[in-house]
Amino acid sequence: MSRFFVEIIKRVSEKEDVFTECLAASLREDRDLARRFLLKLCGDRLDGVDVRTAAIDVATQCSFRVGADAPACCVDMVLTLAATTKIGVENKLFAAEGRDQAGNRDQLRTYLRLGLSRIAYIRAQEADVADDVRHNARYLTPADRQHFLWSDFYLDVEACARQGSLLTTALLELFLHYGFEPAKREIGDLRHPDKTVAEANRQNFAKLWEITKAELSKLGWKRIGSGSIAELYVDEGSSELIKKAWIDPTWARGLLRVRLTPHAGNEAKVEEALQGAVLPHHGDVEIQRGRAAGRVRDPQYVQVTISLRKLLGETTEVQIMKKLLAEFVSEVFRAAK
């Protein structure tokens, strides 16, 4: 049961919608979690309502209109306090804020015109929010960031899961699947808001690639270079399917991404090969085929992602972390040879 949500989300294409339903189901079942969730979003009181004691209703995919002639828009989740105060929540994993018909990022600005009491924006990774949205009195946000992160809620989910709720336990596993837990202490937060700290942590992580580089060299890759400190770029190999690759532990907090660029026309073959392979921790791996927006050359990719916590486990030994990284990355490349 603990992997129920993970197994569902791995089998669907509309991952954000399914993630929202998993979250909402857990909030409905676990009232303590719902209370903690709201306290994190808006504090003890909101418009005169005591958040700690108010009745909470959770609805998803709620339709609203800005005006009579305007098209309907759908808010991912609406939390209603005491049957009066409504908080709209836009849930994102890794997608960008939605755009209007003119191509402008206008989703949050539109939501602020819907008559909801407050709006909150939660993402897996940091993104910029328009100044007029951030400074709107009805927009909820942490003091030090432009929006909430799923990692902000990890400790609450973990604490409630210990109390035995089946759905919250499944939600905790889903948070772990996406790397929303606190950074591994031996590595540190690679996306720390303090750039000096983030750079130091990335420099430490870069030292873990030693064995991976050696294994990729054995597999015939001639150019294995560093990207932005902790990343690896791999090129000039003998693979019939793969042209190059980008290995990135900084793309999203807590996740390792191996993005493979297939030779033209081989995207489906690479995806099929990876889907059929038994990769290390294969139950926690996600494989996705896509197209990089705005890229003219080699836009098609197939990427493999895994939680660093799942991959590295509880080990504190640097040499073991090096071996685990090398084993995973090299198996991905072997599978897609």
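**Close-up views of a predicted model**

**View 1. V58 lies in strand β3.** Strands here are DSSP runs of E with at least two residues, helices are runs of H or I with at least four, and both are numbered from the N terminus. The model is predicted: local features need pLDDT of at least 70, side-chain atom pairs count only at pLDDT 80 or more, and totals for chains, interfaces and linings use all residues. Residues are numbered from 1 along each chain as its sequence is written, and side-chain values use heavy atoms, with hydrogens and water left out. V58 has a relative accessible area of 7%, so it is buried. Buried means under 20% relative accessible area, exposed means over 50%, and partly exposed lies in between (1.4 Å probe, protein chains only). Leaving aside neighbours within four places in sequence, V58 is in contact with A24, L27, R28, M77, V78 and L79. Contact means heavy atoms within 4.5 Å. V58 and L79 are 21 residues apart in sequence, yet their C-alpha atoms are 4.8 Å apart in space.

**View 2. Helix α2 (residues 15–29) packs against helix α3 (residues 31–42) at an angle of about 115°.** The axes of α2 and α3 are 5 Å apart. The angle makes α2 roughly perpendicular to α3. Angles of 65 to 115 degrees count as roughly perpendicular, under 35 as roughly parallel, over 145 as roughly antiparallel, and the rest as oblique. Axes are lines fitted to C-alpha atoms, for helices over the stretch in contact, and angles run from 0 to 180 degrees between N-to-C directions. From α2, the residues L23, S26, L27, R28 and E29 meet R31, L33, A34 and F37 of α3. The residues of this contact divide into five nonpolar, one polar and three charged. Nonpolar covers Ala, Val, Leu, Ile, Met, Phe, Trp, Tyr, Cys and Pro; charged covers Asp, Glu, Lys and Arg; the others, Gly among them, are polar.

**View 3. Helix α2 has eight named buried positions: V18, F19, T20, C22, L23, A24, S26 and L27.** The cover over the buried residues of α2 includes α1 (4–9), α3, β3 (56–64), β4 (73–81), β5 (85–91) and α7. The 15 residues of α2 reach 21 Å from first C-alpha to last, close to the 21 Å expected at 1.5 Å a residue. The expected span is 1.5 Å times one less than the number of residues.

**View 4. F37, L41, L79 and W150 touch the most other members of the largest nonpolar core, which has 47 residues.** Helix α7 (residues 166–177) gives the largest share of this core, seven residues. A nonpolar core is a set of buried Ala, Val, Leu, Ile, Met, Phe, Trp, Tyr and Cys residues joined through side-chain atoms within 4.5 Å. F37 is in contact with L23, L27, M77, L79, I122, W150 and F153, leaving aside neighbours within four places in sequence. Another core, of 35 residues, lies apart from the largest one; among its members are I247, L279, L312 and V329. In soluble globular proteins, nonpolar side chains tend to be buried together.

**View 5. Helix α6 (residues 154–161) is largely enclosed by the rest of the structure, because six of its eight residues are buried.** The buried residues are Y154, D156, V157, A159, C160 and A161. Their cover includes α3 and α7.

**View 6. T212 sits in helix α9 (residues 210–218).** T212 is buried, at a relative accessible area of 1%. Beyond neighbours within four places in sequence, T212 is in contact with L232, K322, L325, A326 and V329. In helix α12, the buried residues are M321, K322, L325, A326, F328, V329, S330, V332 and F333. Helix α12 (residues 318–335) has 18 residues and should span 26 Å at 1.5 Å a residue; its end C-alpha atoms are 26 Å apart, which agrees.

**View 7. A82 is found in the loop between β4 and β5.** Its phi is near 55°, a positive value in a residue other than glycine. A82 has 34% relative accessibility and counts as partly exposed. D47 lies in the loop between β1 (45–46) and β2 (49–50). Phi of D47 is also positive, near 50°. Most residues other than glycine have a negative phi.

**View 8. H192 lies in the loop between α7 and α8 (195–206).** H192 is partly exposed, with a relative accessible area of 31%. Not counting residues up to four places away in sequence, H192 touches V197, A198 and R253.
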